[in-house]
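Please keep the sequence and the structure in view while reading.

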Amino acid sequence: MSNVIVNRVKEFLKRYPPFSFLSDFSLELVAKGVEVRYFVSGEILFEQGEPAQSYFFVLKEGSVQLTENKEGVAKVVEVCDEGDVFGVLALLGKRPYILNAQTREESLIYAIPVGIFEKILQENSRVSLYFAAGFASGQVVVRSDLSQSQKARIAFSEISKDNGLLIFTGQSDLNYSHEVLTCQAGVTVAMAAKSMSEKGVGSIVVVNQKNHPVGIITDKDLRNRLVAEMKSYDTLVDELMTSPVLTKSKDADFSSLYLTMIKHRLHHLIFTEDGSPNSPVTGILSDHDILLSQGNSPAVLINALMNTWEIKEMAKIRDRAERLLTYYLENELAMDFVANIISEINDIIIQRAVQIAKNKHDASYPKESKVKFCFLSFGSEGREEQLLRTDLDNAIVYEDVPDANLEKTKEYMLLIGQEVIEILLTCGFSACPADMMANNPKWCQPLSKWKKYFSDWILSPNQEALLHAAIFFDFRPVFGNKSLSDDMTDHIYQEIAGKTIFLNFLAKNALMNPPPLGFFRNFIMEKSGEHRDKFDIKLRAMMPLADIARLLVLSHRVVGINNTFKRFEKLSDLEPNYKDLFLEAGKAYEILMRMRAIEGLRSTNSGRYIKPESLGKLHRQLLKNTFAPIDELQKILRVRFQLDYFGG
């Protein structure tokens with residue numbers, strides 16, 4: 001390949017992870033080995049069940065869809081964008097492809113030889129961990145985050161709590177079993193199972209007379225290979241064991257150990273003196289050991305939250321989640337994945353706080369504690385967008401009770417609300433300046449009162465009502481009886497039906513913040529106060545997009561989608577004429593969320609106010625680019641809701 005082409009390949013690859021993690025020397029090595037392949041529309045790259053080729057692929061231009069054969073139908077799983085890596089899971093896992101890959105249009109694809117890349121995986125821990133993180137979450141495409149469109153999201157949103165994305169620390173953090181339960185080849189399964197039971201362990205390593213490992217039997221093997229197949233307990237371990245076994249030295253670096261377990265789908269990895277199967281066993285590493293060693297994985301944090309009633313411990317765990325967020329942002333993980341993880345952690349803290357409050361007060365209120373209620377999150381947490389511990393917006397709704405029981409029920413519910421808010425403040429969240437929290441009697445009300453609130457806001461949409469709409473219409477149930485939340489949603493849509501004037505007011509409100517660029521495309525900055533000469537990313541960029549998304553899903557009567565970029569994704573399906581614009585708006589919102597979170601972590605504040613000059617040229621331009629869909633969407637609202645003729 002000529003130097004010109006090699007340089008072009010290098011320039012392209014270095015824009016996207018994991019190639020962006022490579023040294024110039026390694027990147028050139030990869031670029032020289034790349035095969036540039038052209039495919040016509042509809043051409044097949046590989047098929048489900050085929051042995052893995054000796055290449056994995058990076059999409060340079062065009063579009064490739066990955067499909068799965070189910071019941072004779074090819075179901076689309078992913079659509080690859082420019083810079084996406086695919087075909088790597090089968091290759092590194094040394095197994096057949098689990099999907100089909102076919103071009104949707106003329107495409108240019110870089111085929112990268114695995115032989116070149118395997119050496120880099122061994123030498124560059126950041127690259128190997130990047131792939132390992134994807135494998136850990138079942139990812140089939142390694143995304144190029146900046147080019148990712150929302151029509152083909154990473155399959156990260158359904159995170160398994162038992163298989164969290166791990167943050168890799170040092171080898172010194174790794175705990176494993178030094179005392180390994182073993183048995184000799186040739187003994188019966190009954191003897192092996194008895195030893196496992198006596199020691200209280202879930203596996204036993206089968207060894208020869210030299211104590212070299214020849215196989216392993218686990219609890220799962222006993223269930224699936226013995227009990228399920230109705231074999232006798234007199235069966236020899238040789239017949240039941242998994243063999244041969246993979247071994248490593250305990251001195252191997254962590255990323256190598258973990259990647260080996262991921263690639264080969266191992267739950268246990270055996271350590272020997274020299275790392276080979278032909279030396280004595282010295283230890284055993286389980287996937288559970290790895291989980292416990294990684295103190296900042298979502299699975300570990302969630303497990304820790306679920307197993308503590310100590311408020312101070314919950315606060316420490318939430319601090320660790322902040323470090324997790326920092327890691328995610330530094331490594332440019334997809335924003336929907338990041339938001340899902342942090343929201344899940346926040347939700348569990350709230351759920352735990354409610355349970356602590358109930359444990360404290362239920363005995364004193366035996367009748368009232370049986371009243372159905374729901375703890376609701378509003379605003380950014382209601383939209384699953386609260387990455388930083390910014391202002392709390394929440395409330396309690398409870399079922400209507402007879403008047404005779406109302407005062408006592410209110411008293412109980414307020415105690416729950418007060419206790420929860422105190423716990424959340426201890427965990428580092430900020431109180432709402434406007435006091436829109438569950439410890440405020442105004443926002444701790446029976447269902448009928450909440451319905452009246454929403455009816456009043458919809459029927460009399462003054463400025464205060466529109467402010468409330470911007471916060472309370474994004475509610476989400478976090479704990480308790482979800483049917484109360486559903487009743488509120490149904491009531492809102494019943495009230496809105498036929499009352500277009502409310503939507504007109506919402507549309508007018510959504511136009512109050514035009515695209516924040518002044519003359520010569522300069523940022524519109526704060527002119528006075530403590531934030532003078534700073535850019536308000538929340539008010540001037542994020543809020544207009546959130547307001548527009550909320551308005552449009554309300555107008556389409558969409559239920560159950562609160563998140564702003566997911567709302568835009570849904571709107572792209574509902575209004576195909578504006579598909580590209582809605583997807584662009586969703587992507588813009590994700591970028592703004594990322595920028596605000598990074599600023600907040602850097603400045604240890606809410607991240608709301610940014611100094612544009614502190615951003616690099618690329619990031620300043622990226623920020624400006626997010627304003628374009630605001631302008632286009634506001635023009636659409638102006639026409640659709642006839643705002644030029646609407647006096648308000």
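Helices (H or I, at least four residues) and strands (E, at least two) are DSSP runs, numbered from the N terminus. Contact means heavy atoms within 4.5 Å. The model is predicted: local features need pLDDT of at least 70, side-chain atom pairs count only at pLDDT 80 or more, and totals for chains, interfaces and linings use all residues. Residues are numbered from 1 along each chain as its sequence is written, and side-chain values use heavy atoms, with hydrogens and water left out.

Which residues of helix H1 (residues 3-13) are buried? They are Val6, Val9, Lys10, Phe12 and Leu13, where buried means under 20% relative accessible area, exposed over 50%, and partly exposed in between (1.4 Å probe, protein chains only). These residues cover an arc of only 165° around the axis, which puts them on the same side of H1; the arc is that of the directions from the helix axis to the C-beta atoms. Asn3 and Arg8, on the other side of H1, are exposed.

## An open sheet

Four strands form an open sheet in the order E2-E7-E4-E5, with antiparallel pairing. Two strands pair if DSSP finds at least two bridges between them. Strand E2 (44-46) and strand E5 (73-80) stand at the edges with a single partner strand each, so one side of each has no neighbour in the sheet.

Within this sheet, strand E4 (residues 64-70) and strand E7 (residues 100-103) are joined by four bridges in the antiparallel sense. Thr67 has Asn100 in E7 as its bridge partner.

## The nonpolar cores

A nonpolar core is a set of buried Ala, Val, Leu, Ile, Met, Phe, Trp, Tyr and Cys residues joined through side-chain atoms within 4.5 Å. The largest one has 123 residues, and Trp450 and Phe473 have the most contacts inside it. Helix H13 (residues 335-361) gives the largest share of this core, 14 residues. A second, separate core of 22 residues includes Val6, Val9, Val58 and Tyr110. In soluble globular proteins, nonpolar side chains tend to be buried together.

Not counting residues up to four places away in sequence, Trp450 touches Phe378, Ala395, Ile396, Val397, Trp443, Gln445, Phe472 and Met488.

E16 runs antiparallel to E17, joined by five bridges, and pairs with strand E19 (residues 476-480) in the antiparallel sense over four bridges. Leu376 has Ala395 in E17 as its bridge partner, and Cys374 has Gly480 in E19.

Ala395 lies in strand E17 (residues 394-398) and is buried, with a relative accessible area of 0%. The C-alpha atoms of Ala395 and Met436 are separated by 7.5 Å, although these residues are 41 residues apart along the chain.

## A buried arginine

Leaving aside neighbours within four places in sequence, Arg318 is in contact with Ile342, Ile345, Asn346, Ile349, Leu387, Arg389, Cys427 and Phe429.
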